[in-house]
Amino acid sequence: MTEITRYRGDTNPDDVLILQPSGAVADLTGYTAVMTINKRENPADNTDRLYQINATFPLPSSGIARFSPSTMQADQVPGVYYFDIQLTDGTGVVRTAVKGKYVYVQDITK
């Protein structure tokens, strides 16, 4: 399971390498992607969703999807949450490419 850890309040982007099911680096040209953070690992609905972030692709052929949280999104109560990244290609085909834990750690500087 993939795990992303960030300090509460930090707004640096999460750069995530997206792979094809074969293990090859995905060319993300023409794709969109969204990362969803939730309190539950397998939610039945959106009740416990914290937020969603749309990706940017600095160099689509590199397979890197960049998710940049806002100040408000980054200011979460420290703890373990869950995320997935859903890709949509240019023809509308949807694939969940990554799923895992998203951990907010308490920072010291306020």
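Asp107 counts as buried, at 14% relative accessibility (buried means under 20% relative accessible area, exposed over 50% and partly exposed in between, with a 1.4 Å probe and protein chains only). The model is predicted, so local features need pLDDT of at least 70 and side-chain atom pairs count only at pLDDT 80 or more, while totals for chains, interfaces and linings use all residues. Residues are numbered from 1 along each chain as its sequence is written, and side-chain values use heavy atoms, with hydrogens and water left out.

Asp107 sits in the segment after β7 (94-105); strands are DSSP runs (E, at least two residues), numbered from the N terminus. Beyond its neighbours within four places in sequence, Asp107 is in contact (heavy atoms within 4.5 Å) with Tyr7 and Arg8.

With Arg8, Asp107 forms a salt bridge whose closest N and O atoms are 2.8 Å apart (a side-chain nitrogen of Lys or Arg within 4 Å of a carboxyl oxygen of Asp or Glu). Because Arg8 belongs to the loop between β1 (2-7) and β2 (14-17) and Asp107 to the segment after β7, this pair ties together parts 99 residues apart in sequence. Arg8 is itself buried, at 15% relative accessible area. A network of salt bridges links Arg8, Asp75 and Asp107.

The structure holds five salt bridges. Among them, Asp15 and Arg66 pair with closest N and O atoms 2.7 Å apart, linking strand β2 to strand β5 (residues 64-67) across 51 residues. Here Asp15 is partly exposed at 41%, as is Arg66 at 29%. Another joins the side chains of Arg6 and Asp14 (3.2 Å, N to O); Arg6 is buried at 3% and Asp14 is buried at 8%.

Conventions
Helix = DSSP H or I, 4+ residues; strand = E, 2+ residues; numbered from the N terminus.
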